[in-house]
Amino acid sequence: MTQIKEQPRRSTTAGRRPVGKVLPGDARRHHRALILQQLVDHGARSRADLARETSLTRVTISDLVAELIEEGFLIEQGTRPGTHMGKPATLVGMSEDAPVAIALDLSADGHLTGAVVDLDGKILTREQVEFSRGDDIAVIAGLAVRLRESTPRRILGVGIGTPGIVDGDGTVIIAPNLGWENVDLAAQLSASLGLPVHAGNDSNVAAVAESAFGAGDDQGMLLLMIGSGVGGGVLIDGRALSGPLMSSGEIGHVVVDPGGRQCSCGNRGCLETFLSAPALSLLDNDDDRRHVGTKLATVLTPVVTTLGIADVVLYGPTELLEGALLESVRAGLAQQTLPFVAQRVQVRLVPMHDELVLTGAAALVRYRELGVV
Ligand SMILES: [Zn+2]
């Protein structure tokens, strides 16, 4: 996972703030989030730095930093040498032993992957078990329990990336691949594990990871996850779009060829029937790959244009996507958008081994539990 950490951060992430409604009773939580966000984004600093950067008072900072040290999130990291004649400032930063998240990835066919992930998105331990349509949720809980026992660190919560349409409470409204309808996944796991559990659509969660830990433009990004199916995640102003139907990003089921192949959703000729990894692996020449790339560009054009997004990520097996397919997506987008947009939009590949669903599930826990984006 180190390659994620090495990717350059965009300047747009500098000075960002956790977003969301702040209720009076949540003021303390919001102030804690401001401090943690600053330390996660910019590294260790003094209490005086934090007061200046967050506009909180020195007293509030001291109080909350003491609390966060007590809870194991922060640690004093020595002093900054020789800046003033007076007492050298003590630096505080994220602790190496800070609480961690358990992350679960249900996006693959036939197996389930779980990991212990730290608050920087680093995978510490990882385990894969068989899991197929019809298997009991107890299998998922069992993996979470083993992961919890594998680390001495406190568990902040459990995050899950699952296929399908997922509501804000972590109920899977519908996931055809798993045969699930109205499964209260987060609630069931939370009851069984005694931990907070948060679930989100796998592609949305992957988009969150690319923004939180990767090179994603958190002001606006579209991520297409290309695996056994095709899903999409849209991030605007640091938030994953859900939409009133909670189906935002279901771009794989846009019909591009009405008379085409049967799709798992019941329609014919969906984008997914061309662009899924199994479909791409059948292609044996660049003309066919260009054809798929052109169809994808036609689906992406109205989305990119309407939302004003410049960062388009294709997250999948790079060996199937690079070359003729990627070039024709770029060319198609350039031809079909305003010159202003065409000059700015970039389409880039992120390889599957970056494990964005796992790290995104951890980012979901970090956001929901601590308010850190
Ligand atoms: Zn479909």
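Asn 182 counts as exposed, because 9 C-beta neighbours lie inside 10 Å; a residue is called buried if 20 or more other C-beta atoms lie within 10 Å of its own, exposed if 12 or fewer, and partly exposed in between, with C-beta atoms placed from the backbone. The model is predicted, and local features need pLDDT of at least 70, side-chain atom pairs count only at pLDDT 80 or more, and totals for chains, interfaces and linings use all residues. Residues are numbered from 1 along each chain as its sequence is written. Asn 182 belongs to strand E10 (residues 180-183), where helices (H or I, at least four residues) and strands (E, at least two) are DSSP runs numbered from the N terminus. Although Asn 182 is not a glycine, its phi is positive, at about 50°.

Ser 55 also is not a glycine and has a positive phi, of about 65°. Ser 55 is located in the loop between helix H3 (47-54) and H4. With 7 C-beta neighbours inside 10 Å, Ser 55 counts as exposed.

Helix H4 (residues 58-70) packs against helix H2 (residues 27-42) at an angle of about 80°, and the two axes are 10 Å apart. Axes are lines fitted to C-alpha atoms, for helices over the stretch in contact, and angles run from 0 to 180 degrees between N-to-C directions. H2 is therefore roughly perpendicular to H4; angles under 35 degrees count as roughly parallel, over 145 as roughly antiparallel, 65 to 115 as roughly perpendicular and the rest as oblique. From H2, His 31, Arg 32 and Ile 35 meet Thr 60, Ile 61, Leu 64, Val 65 and Leu 68 of H4, where contact requires C-beta atoms, placed from the backbone, to lie within 7 Å. The residues of this contact of H2 with H4 comprise five nonpolar, two polar and one charged; Ala, Val, Leu, Ile, Met, Phe, Trp, Tyr, Cys and Pro count as nonpolar, Asp, Glu, Lys and Arg as charged, and the others, Gly among them, as polar.

An open sheet of three strands has the order E1-E3-E2 and antiparallel pairing, two strands being paired if DSSP finds at least two bridges between them. Strand E1 (45-46) and strand E2 (74-79) stand at its edges with a single partner strand each, so one side of each is left without a neighbour in the sheet. E2 pairs with strand E3 (residues 90-94) in the antiparallel sense over four bridges, and Leu 74 stands opposite Met 94 in E3. A further antiparallel pair consists of strand E5 (residues 111-117) and strand E6 (residues 123-130), joined over seven bridges. Thr 113 has Gln 128 in E6 as its bridge partner. Five residues lie between the strands of this hairpin of E5 and E6, in which Gly 121 takes a positive phi near 85°.

Five strands form another open sheet, in the order E14-E13-E12-E15-E16, with mixed pairing. Its edges are strand E14 (239-240) and strand E16 (346-351), each with a single partner strand, so one side of each is left without a neighbour in the sheet. Strand E13 (residues 230-236) pairs with E14 in the antiparallel sense over two bridges, and Ile 236 stands opposite Arg 239 in E14. Helix H7 (residues 202-212) lies across strand E12 (220-226), E13, E14, strand E15 (311-316) and E16, and runs at about 45° to E13. Helix H10 (residues 286-307) lies across E12, E13 and E15, at about 155° to E12.

H7 also packs with H14, at an angle of about 80° and with the axes 7 Å apart. H7 is therefore roughly perpendicular to H14. The contact of H7 with H14 involves ten nonpolar, two polar and two charged residues, including Val 205 and Ala 209 in H7 and Gly 360 and Leu 364 in H14. Of the 15 residues of H14, 13 are buried, so this helix is largely enclosed by the rest of the structure. At 1.5 Å a residue, the 15 residues of H14 (residues 356-370) should span 21 Å, which agrees with the 20 Å between its end C-alpha atoms; the expected span is 1.5 Å times one less than the number of residues. Just after H14, Gly 371 takes a positive phi of about 75°.

Leu 280 lies in helix H9 (residues 277-281) and, with 19 C-beta neighbours inside 10 Å, counts as partly exposed. Leu 280 touches Leu 275 and Leu 320, residues up to four places away in sequence not being counted.

How values were computed
Contact = placed C-beta atoms within 7 Å.
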